[in-house]
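The following note sets out some points on the model shown below. Each point may be checked against the structure.

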Amino acid sequence: MKFQIIATAALLACIGVTEQAFAFNQLDLDQLKASGSCPRCDLSGADLSRANLTGANLREANLKAAILTGANLTNADLTSANLESATLTGANLTAASFTGTYLKGASLDNTNLSFTGFIGANLEGANLKGAREQFTNYRGANFRVTTLSNGVITSNKPYWWSLQRFSPGQCNKFNEDKISGSTCSTD
């Protein structure tokens with residue numbers, strides 16, 4: 001009997017911790033809506049679908065598992081933000097900064113990535129299928145098991161985007177069309 005009580009208490013404690021792991025801070029959400037600026041805020045799991053966040057300052061914000069479907073993040077600063085498992089389907093990310101951003105498992109399908117910078121971003125396992133890319137900067141980004149805009153899934157070996165070709169044999173390994181800029185193996 002005591003074991004059942006202890007097991008039940010432990011289970012309830014775990015459920016409570018799990019819920020809090022994705023619970024956003026309402027004050028942070030209110031601040032973002034009022035000012036368009038909320039650096040280092042906790043917005044994990046927040047539903048920001050179709051939100052107009054043009055020019056928003058979300059540097060180092062926690063947006064883990066946030067829902068940003070159809071949101072307008074034009075010129076937004078998401079430098080070093082955590083967007084793990086976030087849903088950005090159909091979002092406008094034109095000229096946004098994702099420098100050093102953690103986007104592991106994020107859904108960026110059918111987004112507008114024109115003029116967007118993903119310098120040093122982690123896009124491992126992210127979905128970019130159908131994304132519009134024009135002058136998008138992926139320098140130093142991690143593309144391990146990433147679905148690219150054309151639907152191709154990258155290999156399980158870590159490789160990074162580079163605008164420099166160290167040796168054509170290595171850097172064009174994943175670039176059959178010989179397009180300027182390539183994915184380079186880190187083998």
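Between which two elements does the loop that holds T79 lie? T79 lies in the loop between α2 (26-35) and β1 (159-162).

1. Basis of the note. The model is a predicted one, in which local features need pLDDT of at least 70 and side-chain atom pairs count only at pLDDT 80 or more, while totals for chains, interfaces and linings use all residues. Residues are numbered from 1 along each chain as its sequence is written, and side-chain values use heavy atoms, with hydrogens and water left out.

2. Overall make-up. The protein chain has three helices and two strands, in the order α-α-β-α-β from the N terminus. Helices (H or I, at least four residues) and strands (E, at least two) are DSSP runs, numbered from the N terminus. Of the 187 residues of the protein chain, 37% are buried; buried means under 20% relative accessible area, exposed over 50%, and partly exposed in between (1.4 Å probe, protein chains only). The chain exposes about 9900 Å², of which carbon and sulfur atoms supply 55%; accessible areas come from the Shrake-Rupley method with a 1.4 Å probe, and for residues only the protein chains shown count as cover.

3. Surroundings of T79. T79 counts as buried because its relative accessibility is 10%. Its side chain makes a polar contact of 2.5 Å with that of D77. A polar contact is a pair of N or O atoms within 3.5 Å; within protein, one must be able to donate a hydrogen and the other to accept it, and residues adjacent in sequence count only if both atoms are side-chain atoms. Neighbours within four places in sequence aside, T79 is in contact (heavy atoms within 4.5 Å) with R59, E60, S97, T99 and T101.

4. Salt bridges. The structure holds two salt bridges, each defined as a side-chain nitrogen of Lys or Arg within 4 Å of a carboxyl oxygen of Asp or Glu. In one of them, the side chains of R59 and D77 meet at 2.8 Å, N to O. Both R59 and D77 lie in the loop between α2 and β1, 18 residues apart. R59 is partly exposed, with a relative accessible area of 36%, whereas D77 is buried, at 18%. A salt bridge also joins the side chains of K64 and E84 (3.6 Å, N to O). K64 and E84 lie in the loop between α2 and β1, so this pair ties together parts that are 20 residues apart in sequence. K64 counts as partly exposed because its relative accessibility is 26%.

5. Helix α2. Which residues of α2 are buried? They are D28, L29 and L32. These residues are on the same side of α2, because they cover an arc of only 100° around the axis, the arc being that of the directions from the helix axis to the C-beta atoms. The exposed residues L27 and A34 are on the face turned away from the buried side of α2. At the start of α2, a side-chain oxygen of N25 comes to within 2.9 Å of the backbone nitrogen of L27. G36, with a positive phi near 75°, follows α2.

6. Nonpolar core. The largest nonpolar core has 40 residues, and L58 and L108 have the most contacts inside it. Such a core is a set of buried Ala, Val, Leu, Ile, Met, Phe, Trp, Tyr and Cys residues joined through side-chain atoms within 4.5 Å. Leaving aside neighbours within four places in sequence, the contacts of L58 include L32, L73, D77 and L78.
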